[in-house]
Amino acid sequence: MESPKEEVLLLRIRHAKLVTISRRGDRFKIGKEMDRVEIIENGTVIVNQEGLIIDVGTDEELSNQYANKRFLSDVDATGMSVVPGFVDAHSHPVWSGDRVHEFAMKLAGATYMDIHKMGGGIGFTMEKTKQSSEEELKSLLKKRLDRFLSFGTTTLEGKSGYGDDLDSEVRLLKVLHEADQEHPVEIVSTYLGAHSVPKGLTAAQHARNVIEIQLPRIIELKQEGVISPRNIDVFLEKGIFESEETKQILEAGKAAGLLLNFHGDEIHPMGSGLLGGKLGATAISHLERVDDEGIEAMSIKPTVAVLLPTTAYVLRIEPPPARKLIEGGVPVALGSDFNPNAHCQSMAHVMNLACVTMRMTMNEALVAATLNAAASLDLSHSHGSIEVGKVADFVVIDHPSWEHIIYEMADPPIQSVYKRGKRVFTKSC
């Protein structure tokens, strides 16, 4: 009679300070709960060959239970901390060309909208992106994803938006889809056909194009498995897409089965919180100018507030009211807003900016970069905390105090990064 085959597990990390974020299945944290993170001193986490967490506890609790198990990787993390892999809740990662000349213009006093009206900004990047081949865009994206990974980002929201017509937008979504299949960073793609108004069209005309021409084809291609957008986005802003066009596009996207995850209240107060609350949006980004009525509306579902401190920093504008949002019962998440205007791929730096410029605590910033960021992408049932049943995405910090990931802002002490239990980055000496 054959003896039963020995179960081989993928990974054990032990002797670590495990910052699990939650231990009770929270899908998001709000209010005072955002300032509480669960920590296991001298902790162990066990991962199966499917890349899922199957056990979490103290070394003492789990050492005997797994004494006779074999692990493909057995990591002694003495003197180190382990946090969930970072979830970057807002990025624009596929584009060509840079806008360093516009950075110089901003330093000289030009505003974002000044540059936009001169044909710069999004329009400039659209032109440069259109001139690049699909292979060039793939190559650029791969290098960027490698860098995201080195800074601990294991899941990334990635938008299209630098195409001025259907074919251009489909091409960007294809690049995102293929990168998600080939690269360790997990990409949640977002269709952003209403990012800027193409030359020769009005906002109303382009909104009709998005609703009647682009969106039906986007859904067809998603069903065929060619692209994989989960969200629809609109740049709700004065002089670009205003409230009525935004509402029409979001309603059409929702009817097509996409989650609503849009830009709002960045430069001007546009009532995005109230609109998102009424439509049942999953998330709204920016919110520098959100009002009290909008905060109240967002707290009902709730709709996640994705705050982007890099944007306010680069544009020298008032940062989003993180404290009011947290105190108002809105789940706050963080994103890098990586794009040619805000060239940041480090969630460690984003968290530092959130603490310094938006007066968030380090606990709140970590929750916002993990569990709440996952909630903004409707992934918090499987991502964003170190709990049984979730994907084994970890950042190993080379310090017994996890806070050093935020404190050491320019060069965070990341020792290694794991995606679904496999080590995908190790810092070289």
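Is D74 buried, partly exposed or exposed? D74 turns out to be partly exposed, at 36% relative accessible area (buried means under 20%, exposed over 50%, and partly exposed in between, using a 1.4 Å probe and protein chains only). This is a predicted model, so local features need pLDDT of at least 70 and side-chain atom pairs count only at pLDDT 80 or more, while totals for chains, interfaces and linings use all residues. Residues are numbered from 1 along each chain as its sequence is written, and side-chain values use heavy atoms, with hydrogens and water left out.

A search of the whole structure turns up 27 salt bridges, each being a side-chain nitrogen of Lys or Arg within 4 Å of a carboxyl oxygen of Asp or Glu. One of them pairs D74 with R12, at 2.7 Å from N to O. R12 sits in strand β1 (residues 8–21) and D74 in strand β4 (residues 70–76), so the contact ties together parts 62 residues apart in sequence. Helices (H or I, at least four residues) and strands (E, at least two) are DSSP runs, numbered from the N terminus. R12 is buried, at 10% relative accessible area.

Another bridge joins D164 and K130, with the closest N and O atoms 2.8 Å apart. Here D164 belongs to the loop between β7 (153–159) and α6 (166–182), and K130 to helix α4 (residues 122–130), 34 residues away. D164 is partly exposed at 31%, and K130 is partly exposed at 42%.

Then there is a pair within helix α5 (residues 134–150): D146 and K142 are 4 residues apart, about one turn of the helix. Their closest N and O atoms lie 3.0 Å apart.
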